[in-house]
Amino acid sequence: MAKQILLNAFNMNCVGHINHGLWTHPRDTSTRYKTLEYWTDLAKLLERGLFDGLFIADIVGTYDIYGSSLDLTLKESIQLPVNDPLLLVSAMAAVTRHLGFGLTANLTYEAPYLFARRLSTLDHLSNGRVGWNIVTGYLDSAARAMGLAQQPEHDRRYDQADEYLQVLYKLLEGSWDDDAVVQDREQRIYARPDKVRKVRHQGEFYQVEGYHLCEPSPQRTPVLFQAGSSPRGLAFAGNHAECVFISGQDKAGTRAQVDKVRAAAQVAGRAPQSIKVFMGITVIVAPTEDQAQAKHAEYLRYASPEAGVAHFAASTGIDFAAYALDQPIGFSKGNAIQSATRQLQENAWTRRRLLQQHALGGRYVTLVGTAEQVAEQLIAWIDETGLDGFNLTRTVTPESFEDFIDLVVPQLQQRGRYKTAYAEGTLREKLFDSAHPYLPDGHPGSNYRSTAPAPTGVLHHA
């Protein structure tokens with residue numbers, strides 16, 4: 001049977017996310033991001049399209065590298081202002097039954113004891129539909145705002161992340177047994193004391209002594225997403241990630257990235273296919289090719305290439321505004337996103353080339369065409385690279401998602417490459433076609449669980 005394509009909508013609790021400048025388009029509604037209706041309408045739309053999840057990015061800090069100021073960041077709303085992504089879930093979960101939620105949270109600034117409670121709470125309220133995108137941050141502006149002189153060194157952040165995950169596993173997996181809660185009214189026992197244990201962790205970065213504040217949620221640990229592609233980031237993904245998000249520009253390079261992720265899982269003693277790999281992609285689709293090209297040209301008129309380059313500047317730590325249009329951009333090893341700086345190191349980039357690359361405001365692969373053409377291209381990316389799915393970016397909101405759902409989804413379904421109905425169960429059960437909602441055996445987090453067997457079977461709303 002051909003591989004079924006997994007699909008997340010890629011969004012952020014802000015105006016400008018990836019394809020910058022398009023908030024100025026007359027049909028775009030992203031300035032309504034502050035309203036619940038914006039998000040509940042989106043959730044219902046995505047569930048109509050049978051999306052696996054809504055992947056919500058986040059950033060702590062501001063993009064102040066380009067031009068050494070916030071001027072363009074504020075004018076073009078380059079992920080500023082930005083609101084908390086986790087607070088959106090309850091409302092969206094209430095109007096959907098199956099849609100998953102991949103939530104970005106920076107562990108550098110979140111105490112693990114309280115963050116574990118937030119994750120469990122959302123997993124309960126969503127009936128097991130929560131994932132966590134694990135990030136360690138890369139902006140010095142965030143570090144300064146949080147009282148640090150600068151970000152910790154790149155690999156050191158992953159050392160801290162490894163220990164953070166140990167603490168979470170102890171809390172989420174090991175503090176409460178599955179049968180701890182009995183709700184016995186006659187004997188006045190809600191939870192059995194012999195089935196709840198204190199977590200004691202004394203490490204380099206964290207010292208925790210206490211009981212997890214929540215009873216076991218449907219998944220216990222949410223589905224774990226991660227996006228690091230440096231050698232240290234890949235080692236972390238091999239140990240912990242269940243889903244990895246990559247940014248590819250061509251199929252050969254993407255195939256190599258996918259292979260590295262699978263190899264990292266194998267080095268960590270896990271099955272290579274135990275990690276689902278998603279790539280960011282932009283789609284502009286219309287009933288005819290001429291209409292699709294016209295829509296693409298229309299979008300280009302509203303996009304801001306300079307805002308896209310300013311965003312990329314923050315990813316690399318290099319002020320591209322300081323370079324003339326055709327002046328070669330010098331590479332220097334920094335403390336930002338290593339995959340971004342590696343692109344500059346391996347190619348002769350100038351600011352003009354960067355502006356051309358960011359013509360639509362972002363640098364993800366962009367597919368333009370009819371529904372049939374886009375469907376065939378998506379299938380080719382999956383079959384030729386080993387990808388499992390895509391994070392579909394927004395251009396004009398919600399138009400880009402509506403177009404994809406109405407035009408592309410039926411074509412993928414006709415080709416047998418996209419589901420025609422949701423499976424039951426938690427997000428983890430849906431993504432991995434599994435009958436078990438918890439972290440699987442072989443994942444290091446499962447080693448922290450009590451010896452009591454995990455429940456099987458599907459979960460249903462009351």
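1. Helix α8 passes helix α13 in a right-handed crossing. This is a predicted model, and the notes below should be read as such. The α8 stretch covers residues 251-267, and α13 covers residues 371-385. Their axes come within 9 Å and cross at roughly 50°. The two helices are therefore oblique to each other.

2. Which residues of α8 and α13 make the contact? From α8 come Lys251, Thr254, Arg255 and Val258. From α13 come Ala380, Trp381, Glu384 and Thr385. Sorted by class, this contact of α8 with α13 has three nonpolar, two polar and three charged residues.

3. Next, the pair α6 and α7. Helix α6 spans residues 154-174, and helix α7 spans residues 231-240. They pack at an angle of about 15°, and their axes are 9 Å apart. Angles under 35 degrees count as roughly parallel, so α6 and α7 are roughly parallel to each other. The crossing of α6 past α7 is right-handed.

4. The α6 side of that contact is made by His154, Asp155, Tyr158, Asp159, Ala161, Asp162, Leu165 and Tyr169. The α7 side is made by Arg232, Gly233, Phe236 and His240. By class, the contact of α6 with α7 has five nonpolar, three polar and four charged residues.

5. The pair α1 and α14 brings together residues 36-48 and residues 399-414. The axes come within 10 Å and cross at roughly 20°. That angle makes α1 roughly parallel to α14. Is the crossing of α1 and α14 left-handed or right-handed? The crossing is left-handed.

6. Leu42, Leu45, Leu46 and Arg48 of α1 form one side of this contact. Phe401, Glu402, Ile405 and Asp406 of α14 form the other. The contact of α1 with α14 has five nonpolar and three charged residues, with no polar ones.

7. On to aromatics. How many aromatic pairs does the structure hold? There are 17 aromatic pairs. Ring pairs link Phe10, Phe55, Phe225, Phe245, Phe278 and Tyr364 into a cluster. A reader can pick out these six side chains in the view above.

8. Two charged side chains sit over rings. Arg353 lies over the face of Trp349, at 4.0 Å from the ring centre. Lys419 lies over the face of Tyr418, at 4.5 Å from the ring centre.

9. Now the backbone. Most peptide bonds are trans, and most residues other than glycine have a negative phi.

10. A cis peptide bond joins Leu80 and Pro81, with omega about 0°. Where is Pro81 found? Pro81 is in the loop between α2 and α3, helices that cover 71-75 and 89-94.

11. The peptide bond from Thr397 to Pro398 is also cis. Its omega is near -5°. Pro398 is found in the loop between β13 and α14, where β13 covers 389-393. Helix α14 is the partner of α1 in point 5.

12. Ser68 is not a glycine, yet has a positive phi of about 55°. Ser68 lies in the loop between β2 (53-57) and α2.

Conventions:
Residues are numbered from 1 along each chain as its sequence is written. This is a predicted model: local features need pLDDT of at least 70, side-chain atom pairs count only at pLDDT 80 or more; totals for chains, interfaces and linings use all residues. Side-chain values use heavy atoms; hydrogens and water are left out. Axes are lines fitted to C-alpha atoms, for helices over the stretch in contact, and angles run from 0 to 180 degrees between N-to-C directions. Helices (H or I, at least four residues) and strands (E, at least two) are DSSP runs, numbered from the N terminus. Angles under 35 degrees count as roughly parallel, over 145 as roughly antiparallel, 65 to 115 as roughly perpendicular and the rest as oblique. A crossing is left-handed if the near helix is turned anticlockwise from the far one by less than a right angle, and right-handed if clockwise. Contact means heavy atoms within 4.5 Å. Ala, Val, Leu, Ile, Met, Phe, Trp, Tyr, Cys and Pro count as nonpolar, Asp, Glu, Lys and Arg as charged, and the others, Gly among them, as polar. Rings of Phe, Tyr and Trp (its six-membered ring) pair if their centres lie within 6.5 Å; planes under 30 degrees apart count as stacked, over 60 as edge-to-face and the rest as tilted. A charge sits over a ring if NZ of Lys or CZ of Arg is within 6 Å of the ring centre and within 35 degrees of the ring normal.
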